[in-house]
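Dear colleague,

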Amino acid sequence: MGVPRSRGATDELGPDEDSGGGPPGCSGDPGVPFGEDAVPGAPPDGSELLAALLDGMDAALCAFDAAGTVTHWNREAERVLGWSADEAVGRSGFAGWAVRRADADEVRARLMSAMDAPGRQVHEFALLRKDGGRVLVRTQSAGVRGADGKPAGVYCAFSEVHAQIDLERAIALSEALLEDASWGVVLVDVDLRPTVVNAHAARALGGSRTALLGRPLGELVVQGVEELEAALHHVLADGAPSAPAELWVTLRTAEGERRRCWRSGFLRLASPLTEEPVPLGVGWLFQDVTAARLAGQEADRLRFRTSQLHRAARTASECEDPMEAATSLLDFALAGFADHVLVDLVAGERLVRTAATPFDAPGPCLLVAGGSIPARYAPGHPALQSVERTGTVRTSAGAGAAVSSAWAVERRWPRDAAHALCAVLRSRGRTLGVLTFLRAANRAAFERTDAAYAETVAARVAGAVDLARVMSGAAGDT
């Protein structure tokens with residue numbers, strides 16, 4: 001919205017009754033350049049201030065007096081249509097220059113009708129550029145009252161329809177993202193504190209949309225906050241990454257801690273109102289892909305274990321000694337599954353240690369040198385429970401290295417053991433012993449899927465042990 005470059009501007013967007021001549025809406029001598037009569041060093045008068053305001057606006061603006069003559073034309077109007085203020089001001093309507101003559105009467109009537117109508121009126125019609133091209137514009141027009149309160153003219157703000165539609169789409173998109181999106185949207189400021197959180201993100205973070213605002217991310221994320229903040233700092237400094245990133249985080253919720261995987265995208269936000277980009281923060285969009293990633297990990301784990309069992313079976317089939325085949329099976333089973341394995345076989349009323357991996361360092365599963373020795377297990381030991389129940393037993397030590405070490409020593413296991421899984425060895429309807437897998441404290445506890453794998457390994461080891469006993473009995477008979 002602007003004013004003619006070489007003419008003064010009135011304080012009203014309408015005809016000036018005391019103008020003394022010249023085009024309506026202009027004051028003083030039309031031949032005097034704008035602001036020429038101003039006192040040097042004096043503050044700008046009303047016309048200068050109005051001119052600066054109108055020419056600095058982002059919207060195109062023109063004004064008409066009561067007779068339909070153009071009185072004001074700003075720089076944005078010149079940019080959109082190509083007609084300068086000198087060429088536009090003083091013309092009667094748009095006929096013949098800014099609109100086709102066939103459409104001129106209708107356009108004039110629609111614009112000037114706003115002079116007597118309350119509020120603003122919105123219209124769309126085609127205008128002509130100076131180069132002859134046509135542009136579809138959306139206008140908002142309203143009447144202007146003179147000092148006596150009577151209609152004095154009309155002002156009209158207009159913009160290209162596609163620009164207006166782009167703006168409306170951008171606003172609609174931002175509102176939809178921050179309300180109804182099926183993924184989380186969080187806007188964080190340069191201090192990395194949430195300023196806007198949509199409903200999906202609030203549910204994922206375990207709080208309400210308002211309660212999460214302004215809180216440090218470290219209060220919401222127990223583990224993984226360093227990686228998240230590093231990603232946000234990178235976006236503020238260098239811009240958005242070229243591809244989404246997957247972040248594993250542990251959240252603190254009312255129900256306890258939850259580990260989640262978020263597929264995240266980041267956008268650097270900059271102010272559109274400044275010439276130099278001023279960072280406003282980061283837009284963080286994420287989806288919870290925990291279920292898919294866990295399923296993928298489980299599938300990878302299953303493929304690896306199946307491959308290990310296949311390789312173990314092929315290796316065991318080449319062993320002449322069944323007990324050597326059993327230890328070979330356990331060597332393959334240990335990979336990625338456990339840190340230690342113990343084989344205790346039933347001998348009368350006791351369990352005797354028959355094979356084991358080294359207690360003090362990683363190594364292969366070997367038969368006990370010099371023959372089997374009794375396992376001094378106290379009553380209620382997990383291995384004894386597995387034999388009694390004819391099933392699998394899982395157990396873990398408490399938190400803390402000292403507690404874990406005492407727990408392991410008490411159960412006659414390596415000192416670094418913190419998690420145990422005992423699977424019974426059965427073949428031909430008889431219990432032959434128990435197989436114990438052990439993990440250190442830096443690994444997760446055994447789960448149900450681990451128990452199923454251990455039982456599969458135990459079944460194969462039990463077959464080899466049973467074969468060894470059969471062969472040993474046959475040799476004794478001969």
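What follows is a short account of confidence, of one group of strands and of one surface patch.

Please keep in mind that this is a predicted model. The protein has an average pLDDT of 84, and 87% of the residues reach a score of at least 70.

As for the strands, β5 covers residues 151–160, and seven of its ten residues are buried, so that the strand is mostly covered. Strand β1, which spans residues 60–65, pairs with β5 in the antiparallel sense over six bridges, and within this pairing F64 stands opposite V154 of β5. Strand β4, made of residues 134–145, is also paired with β5 in the antiparallel sense, here over nine bridges, with R145 standing opposite P151. β4 and β5 form a hairpin in which five residues lie between the two strands, and G149 in the turn has a positive phi of about 85°.

On the surface, a nonpolar patch is formed by L467, V470 and M471, which together have about 250 Å² of accessible area. M471 belongs to helix α12, which runs over residues 448–477. Its relative accessible area is 41%, and M471 is therefore counted as partly exposed, because that class lies between the limits of 20% and 50%.

With best wishes

Methods:
Residues numbered from 1 in each chain as written. Predicted model: local features only at pLDDT ≥ 70, side-chain atom pairs only at ≥ 80, totals over all residues. Heavy atoms only, no water. Patch = residues over 30% accessible without salt bridge, like charges linked within 9 Å, V, L, I, M, F, W, Y side chains within 5 Å. Areas by Shrake-Rupley, 256 points an atom, 1.4 Å probe, with all protein chains shown as cover. Salt bridge = Lys/Arg side-chain N within 4 Å of Asp/Glu carboxyl O. Helix = DSSP H or I, 4+ residues; strand = E, 2+ residues; numbered from the N terminus. Buried < 20%, exposed > 50% of the residue type's maximum accessible area, 1.4 Å probe, protein only. pLDDT = per-residue confidence, 0-100. Pairing = 2+ DSSP bridges.
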